[in-house]
Amino acid sequence: MGATIRLTFPEPDIAGLVFDTPDRGANVLSQPVLQELDEHLSELERRTDVQGLVISSAKPTIFIAGADLREFASSLDISDEEAEAICRRGQTLFQRLARTPFVTVAAIHGVCVGGGAELACWCDRRILTDHPRTQIGFPEVKLGLFPGWGGTVRAPRLAGLGNAVELITSGRSLSARQAVAMGLADQFVAPEQLEAAAIAMVRQEAQSGRYRQDRETRRGSIAFSETELGFLGLTASAMIRRETKGHYPAPEAALEVILEGSQLDEDAAAVREAKGMARLFGSPVNAALLNVFFLTDRNKKDRGVDSEAEPAEIATVGVVGAGIMGSGIAAANLKRGFAVWMKDASTEALERGLRQALEEASYDRETKSASAAKLAENAPRLNAVADDADFSICDLAIEAIVENEEIKKQVLPQVESRLPETAFLASNTSTIPITSLAQSLSRPERFCGIHFFNPVRRMQLVEVIRGEETSDETVATAVAYAKRLGKMPIVLRDGPGFLVNRLLLPYMNEALELLLDGVSIDEVERAAKAFGMPMGPITLYDVVGLDTALYAGQVLWNAFPDRIAVSPLLSRLVKAGRLGQKSGAGFFRYSGKKNRPEPDPEFDKILSDLLRERREMSREHITYRLFLPMLLEATRVLEESLVRDVRDVDLGLIFGIGFPAFRGGLLFWADQVGAATILKQLEEIAYLGARAEPTEMLQEMARTGSQFYSRGMVP
Ligand code: NAD
């Protein structure tokens, strides 16, 4: 038998199957592991001396993390029949846990999701530990699928139809307490009591025989009136549509299968589930979301350097500049246990920054305010720098002062001179070249960019920028540190706008050009949102601030004058004091209590002076104009080897600007369209001149039929 599932006998008449994948942190359900389970069950079913079976895991924080996604990814092109057969095999295997001649109990400690949760749900009973790492759920919709090994059949029979719909269509996981309250699990206990509780449950059930009655009930359909079913269907589907905006088909498909399956017996419901799941398996959205999973998984493992350089320990962090970014960075550090020393040129700003950082780090989601316990825990680790000598205890200092090269070049060497020689220094600049800032320093090898995004608490992406002299140790340290903050760092070579702002600019700029060509704000916004962007580019201008956008744009306009021109529209609006939401008007006007954006005739007046001859454009044409210049810029970024891997471009855009995950990333999407087709689309917007001109790389790809993800999707 294989090496993953161990057969044990905690008591002579009670069997145990312990999952423990060798050399891996997590248990996953690959085909060989399912084969092992099959063999163990066959052996146990033959025995007459077994009263019950307890299924558990030997991993410290994981029960079973789900199906093997690499196996999935390598079989995306299988036929619907094959996909259905895979589901049926899994269901039939798990179903045996509800048909054995003895009671089956899942004893769950740690993460129990996807296929793991399905396996547990086919058992007669589930006991969870009340450890914070223990959770149970069905996250399949996040991969464009729904549970296909009986999850949609069993969850409603255990937790009730409404609960199961919510759980499966949202993909959220439950804590032990929530799972018991919902009926998905039977009991929660302290981790050290898990085994004893499972054995006790076997004994109790074997004696009472209650599990046999439950098996009978669960094999039938669920009692629910037509009216109730119709009402649940309508409300759930309206909620799903509001969330997915029609871009993610899995939750609606799951809803349909759960509702239909509830009116069938268990066996027929399983057949229905397999058919539905097969339709989603390998679909474009499924492939794209799997890609996003692999992008993040790769990022977790990537150390940011190709050499053996080891990251240094960071415990105490200096933050220079206590404004929006400085206080956000300080809060993120406090939350993850770092000691923080903050400095600002203005005492008032420092006081405000310290207060904001402390409040944010101590925020309790449940009470929606700072918790006293967290305040008491965080406050002793947050300090104001009274004298620059305080920096002498920092392992790392991050500068987040005004975006002014001269001032930064004065402040950075001052801080550096007070840091220990072994410490690291970083700038949070959005636009100033790291190599240029490094010229003011005596240890440029220990300096890099650590570019957080606003708001720091919400944005997971961090750009780590290496200047010409930045050492591998510095990069490895910055990457490891960013991960300790819970962020996703991508490492970039120095260059104007780094990665995200450089790719965002052509898109934002094109939105302005479209307005000048007579396309309405509404048409531009709708095209971007239909493509899947979380908000339209015009709204984004108003949110970011037009002055900030103008300034960031100028850096790129100066760097690439051949293909991007400063838009007269943006500078006119800034000159007119229209800075966006913060000033009450930008492209829109903001008034009333809710500060909702409203069309503004004043804006129309400014635009009318600049309007060119109107061009009629289809939605598709507007989409080309918005996204193809962004793609061309990405190919230039690759040509310049600014990123270490094509996948960093996609990760950066998804987590930096909300590029739609259901498209798998900009380059992943371009691969699906194909370079040859993209060249044809570019011809349609060739009237734009240099900014729509195909790059060498794209032409070469079209000639050779190659792809950005040339090594396939699986890392
Ligand atoms: P901010 O204006 O909110 O804060 C800057 C702070 O620096 C102010 O409190 C100011 O008093 C202080 N300061 C100015 N000169 C100083 C000096 N000599 N010594 C110490 N403190 C000084 O600005 P912000 O939005 O927090 O931006 C800070 C940095 O982060 C900039 O480099 C900016 O480009 C970058 N950034 C900003 C964003 C954003 O969206 N706001 C996003 C990413 C990066």
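The model described here is a predicted one. In this model F498 has a phi near 50°, a positive value in a residue other than glycine. F498 is also buried, because its relative accessible area is 0% and buried means under 20%.

Helix 20 covers residues 500-516, which makes 17 residues. From the first C-alpha to the last, helix 20 reaches 25 Å, close to the 24 Å expected at 1.5 Å a residue. Most of helix 20 is covered, with 16 of its 17 residues buried. After the helix comes G518, and the phi of G518 is positive, near 90°.

Helix 23 itself runs over residues 546-559 and has 14 residues. Its span from first C-alpha to last is 20 Å, close to the 20 Å expected at 1.5 Å a residue. The buried residues in helix 23 include L546, A549 and L550, and G553, L556 and W557 are buried there as well.

R578 counts as buried because its relative accessible area is 8%, below the 20% cut-off.

Attention now turns to the ligand. The shell around the ligand has 20 residues, and M325, D344, E403, K408 and S430 come nearest. By type, the shell divides into ten nonpolar, seven polar and three charged residues. Several atom pairs can be picked out in the model. An N or O atom in the side chain of E403 is 2.5 Å from an oxygen atom of the ligand. For I401, a backbone N or O atom lies 3.2 Å from an oxygen atom of the ligand. For A345, a backbone N or O atom lies 3.1 Å from a nitrogen atom of the ligand. On its own the ligand has 840 Å² of accessible area, and the protein covers 76% of this. Helix 14 (324-335), helix 17 (405-418) and strand 18 (447-452) are the elements that give two or more residues to the shell. The largest share, three residues, comes from helix 17.

P455 is placed in the loop between strand 18 and strand 19 (461-466). A cis peptide bond joins N454 and P455, with omega about -5°.

T4 is found in the segment before strand 1 (5-11). With a relative accessible area of 8%, T4 is buried. Setting aside residues up to four places away in sequence, T4 touches V18, F19, D20, T21, P22, V33 and E36. L17 lies in strand 2 (residues 14-19), and L17 counts as buried at 0% relative accessibility. Beyond its neighbours within four places in sequence, L17 is in contact with residues including I5, R6, L7, L37 and H40. The C-alpha atoms of L17 and T695 are 678 residues apart along the chain and separated by 57 Å.

D23 sits in the loop between strand 2 and helix 1 (31-46). D23 is exposed, because its relative accessible area is 82% and exposed means over 50%. The phi of D23 is near 60°, a positive value in a residue other than glycine.

Finally, G183 is found in the loop between helix 7 (176-182) and strand 10 (187-189). At 26% relative accessibility, G183 counts as partly exposed. G183 touches L158 and A159, not counting residues up to four places away in sequence. The C-alpha atoms of G183 and L158 are separated by 5.9 Å, although these residues are 25 places apart along the chain.

Definitions and conventions:
Residues numbered from 1 in each chain as written. Predicted model: local features only at pLDDT ≥ 70, side-chain atom pairs only at ≥ 80, totals over all residues. Heavy atoms only, no water. Near = heavy atom within 4 Å. Polar contact = N/O pair within 3.5 Å; in protein donor to acceptor, adjacent residues only side chain to side chain. Areas by Shrake-Rupley, 256 points an atom, 1.4 Å probe, with all protein chains shown as cover. Helix = DSSP H or I, 4+ residues; strand = E, 2+ residues; numbered from the N terminus. Nonpolar A, V, L, I, M, F, W, Y, C, P; charged D, E, K, R; others polar. Expected span 1.5 Å × (residues − 1). Buried < 20%, exposed > 50% of the residue type's maximum accessible area, 1.4 Å probe, protein only. Contact = heavy atoms within 4.5 Å.
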